[in-house]
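Here's a quick briefing to read alongside the sequence and the model. Have both open, and follow the topics one by one.

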Amino acid sequence: MSKNSLTVTDNRTGKTYELPIENDSVRAIDLRQIKVNSDDFGMMSYDPAYLNTASCKSTITDIDGEKGILRYRGYPIEQLAEKSTFLEVAYLLIFGELPNKDESDNWNNRIMRHTYIHESLTKILAAFRYDCHPMSTLISCVSAQSTFYPEAKEIDDPEVRLKQIWRILGKLPTLAAFAYRHRIGRPYNYPDATRGYTENFLYMLDFMNERNYEVSPVMAKALDVLFILHADHEQNCSTSVMRSVGSSQVDPFSALAAAASALYGPLHGGANERALRMLEKIGRAENIPKHIERVKKGEERLMGFGHRVYKNYDPRARIIKGIADQVFAEVEINNPLIEIAQRLEEIALSDDYFVERKLYPNVDFYSGIIYQAMRFPVDMYPVLFALPRAAGWLAQWCEMLDDPEQRISRPRQLYLGKGARDYVPMNKR
Ligand code: CMC
């Protein structure tokens, strides 16, 4: 007869244990009863880089990496990309349901009302050097905001919590645009709340007092869809950081600055920047085989390829290829990198090295080429990932805070170092 449990025999002692199975998992803490002696600490599971450890229960984002499926709150990413807007998706992620008309109007208004940043932040921005990476600037400014809004520490007060969510989603595009304009020496362009979310962002980046200035609706829409695709991706590196840092009950600005720092790395959200630099370095289609050889020898990675969870085509990459066509038609550029990217993809998808390891293009492979066509400087790409991912970080942070099973995040270790020994004075070493 089948039973929802796992029977484990400890061959050191011959003892048998029955561990309950819940959601196809066993609780790691149930292993602790497995001991050789009664004063043993008990068995732990060892899982560097969390290859097979669920750190939470979540109802936000569902990924089936084998089938290439991504859903937010049950809605397929393809439908959201086609029919929704980024702000609506942010609401869906955070509150669990699509908003009705009133909820949507109120949500959009509240966020756009919070797009102005504290003027003192511009003085912090001014202190950064002319060539500072905008992602570092963004991280620092997000963190600095906890000094402007000390009440953000009241994380258990639902009204205070919601206000910080409006503030973060509202102010992030402004900070990103100001970081960009600081670097190129242009005066800051203050937000225009009458515009849509991504339209206002593009306006803040671009507007230079031109007459009849208009943000291209094609670009605003393309960026909005890219924001939808990047909004959440369950327990990735930066989201785990958001949850982990947030579990100490710090304010959301501090936790989000930590999450953004994790995103900045080249194996995570920094991969779009690296992927584009790689395509530029390859330069010509005839250089691709040489590059592939270097990758296969382990001398470098094919940036924008591979994923911890997807062992099939990343569904976001598929949608992004569609957006790319619209953007390229709008800007009418003939970008040689597009051909290199397509050729690289063809070769990689038919090469045994990539096939055996199930390495497919991920979200970062084509997004860089689109950002380039939209004339974003390369180092803005990770910022363009961070802005929408903030919605996911905040949704996951709220879920973590409201989950009665969660406590301060604190992994165990296997200590394999020296045993106790006496201090050696300098002249005896
Ligand atoms: N190029 C060449 N080989 C690769 C790549 C790659 N991009 N990715 C993985 N491999 C190989 C790796 O060398 C290893 O081979 P072997 O078994 O012979 O040692 C095997 O595939 C498994 O790789 P892994 O490093 O154990 O896989 P992981 O799950 O730890 O890493 C990853 C996932 C995304 C960090 C990795 O695929 C990678 O470094 N990709 C390039 C960076 C990138 O595009 N990152 C963006 C990820 S998607 C956006 C996001 O969510 O951040």
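## A helix tucked inside

Let's start with helix H2 (residues 86-95): 8 of its 10 residues are buried, so the rest of the structure largely encloses it. "Buried" here means under 20% relative accessible area, "exposed" means over 50%, and "partly exposed" is in between (1.4 Å probe, protein chains only). Helices (H or I, at least four residues) and strands (E, at least two) are DSSP runs, numbered from the N terminus.

Keep in mind that this is a predicted model: local features need pLDDT of at least 70, side-chain atom pairs count only at pLDDT 80 or more, and totals for chains, interfaces and linings use all residues. Residues are numbered from 1 along each chain as its sequence is written, and side-chain values use heavy atoms, with hydrogens and water left out.

**More on H2**

- The buried residues of H2 are Phe86, Leu87, Val89, Ala90, Tyr91, Leu92, Leu93 and Ile94.

**Two helices side by side**

- Two packed helices are described by the angle between their axes and the distance between the axes.
- For helix H8 (residues 217-230) and helix H13 (residues 315-331), the packing angle is about 165 degrees and the axes are 10 Å apart.
- That makes H8 roughly antiparallel to H13.
- On the wording: angles under 35 degrees count as roughly parallel, over 145 as roughly antiparallel, 65 to 115 as roughly perpendicular and the rest as oblique.
- The axes are lines fitted to C-alpha atoms, for helices over the stretch in contact, and angles run from 0 to 180 degrees between N-to-C directions.
- The crossing of H8 past H13 is left-handed, a label used if the near helix is turned anticlockwise from the far one by less than a right angle, with right-handed used if clockwise.

**Salt bridges**

- Side chains of opposite charge can pair when their charged atoms come close.
- How many salt bridges does a search of the whole structure find? The count is 27, where a salt bridge is a side-chain nitrogen of Lys or Arg within 4 Å of a carboxyl oxygen of Asp or Glu.
- One of them joins Glu66 and Lys358, whose closest N and O atoms are 3.9 Å apart.
- Glu66 sits in the loop between S3 and strand S4 (69-72), and Lys358 in the loop between helix H15 (352-356) and helix H16 (363-373), so the pair ties together parts that are 292 residues apart in sequence.
- Glu66 is partly exposed at 48% relative accessibility, and Lys358 is partly exposed at 37%.
- Asp105 and Lys101 also meet through their side chains in a salt bridge (2.7 Å, N to O).
- Asp105 and Lys101 are 4 residues apart in helix H3 (residues 101-113), so about one helical turn separates them.
- An α-helix has 3.6 residues a turn, so residues three or four places apart point the same way.
- Asp105 counts as partly exposed at 31% relative accessibility, while Lys101 counts as exposed at 59%.
- Arg195 has a salt bridge with Asp192 (2.9 Å, N to O), and Arg195 is buried, with a relative accessible area of 16%.
- A network of salt bridges links Glu22, Arg27, Lys57 and Glu405.

**Backbone turns with positive phi**

- Asn212 has a phi near 50 degrees, a positive value in a residue other than glycine.
- You'll find Asn212 in the loop between helix H7 (197-206) and H8, and Asn212 is exposed at 76% relative accessibility.
- Arg375 isn't a glycine either, although its phi is positive at about 70 degrees.
- The loop between H16 and helix H17 (381-402) holds Arg375, which is exposed, with a relative accessible area of 58%.

- Ser120 is in helix H4 (residues 119-127) and is partly exposed, with a relative accessible area of 29%.
- Ser120 and Phe148 are 28 residues apart in sequence, and 9.0 Å apart in space from C-alpha to C-alpha.
- Thr147 belongs to helix H5 (residues 134-148) and is exposed, with a relative accessible area of 60%.
- Thr147 and Ser254 are 107 residues apart along the chain, and their C-alpha atoms are separated by 9.8 Å.
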